[in-house]
Amino acid sequence: MSESDQAAIIIVVLFAPGGITGVLMMHRPLLRAGMLTRMLPSYVMAALPTLALCVGLMLMIETIVHYTVNPHESPNIKAFGIPFNAESPMIWTISAVLIVVGFILARMSWARVAQAWDTTLTAARAKVHAS
């Protein structure tokens with residue numbers, strides 16, 4: 001299983017415990033009312049810090065696993081197809097910054113997604129019931 005497959009599985013388990021079908025069914029009222037496009041800007045804004053958080057976590061995990069599983073091998077490894085030195089303090093700093101900043105910004109952006117979701121879903125239900 002490739003790294004991207006593993007990342008996709010982690011994202012689905014974290015953000016969609018009901019699976020992809022559950023996420024699609026959750027959006028059904030918006031789709032029926034033709035209001036799904038109202039949510040897209042919020043989703044795009046939330047995707048960037050969430051991606052930074054995930055990349056930081058994966059980079060940190062790859063580095064930690066390299067040290068615990070292969071401590072006597074070369075510190076030069078690859079993550080996301082990019083070679084780096086696992087002993088470099090810069091890698092540890094970059095992954096920590098991605099995790100902390102990504103987490104803070106993701107929390108803020110997902111709160112905005114929740115507000116947009118409530119507003120859009122309320123308008124969609126009102127539109128469907130008015131028809």
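**Getting to know this chain**

The model you see is predicted, so local features need pLDDT of at least 70, side-chain atom pairs count only at pLDDT 80 or more, and totals for chains, interfaces and linings use all residues. Residues are numbered from 1 along each chain as its sequence is written, and side-chain values use heavy atoms, with hydrogens and water left out.

Val113 belongs to the largest nonpolar core, a group of ten residues that also includes Leu30, Met39, Ala46 and Trp117. Such a core is a set of buried Ala, Val, Leu, Ile, Met, Phe, Trp, Tyr and Cys residues joined through side-chain atoms within 4.5 Å; buried means under 20% relative accessible area, with a 1.4 Å probe and protein chains only. Two or more residues of this core come from each of α3 (28-33) and α5 (89-130), and α5 gives the most, with five. A second, separate core has six residues, among them Leu59, Ile77, Ala79 and Ala86.

Now step back to the whole chain. Five helices and two strands make it up, in the order α-α-α-α-β-β-α from the N terminus. Helices (H or I, at least four residues) and strands (E, at least two) are DSSP runs, numbered from the N terminus. The C-alpha atoms fill a box of roughly 70 × 30 × 20 Å along the principal axes. Of the 131 residues, 27% count as buried.

Methods:
Buried means under 20% relative accessible area, exposed over 50%, partly exposed in between (1.4 Å probe, protein chains only).
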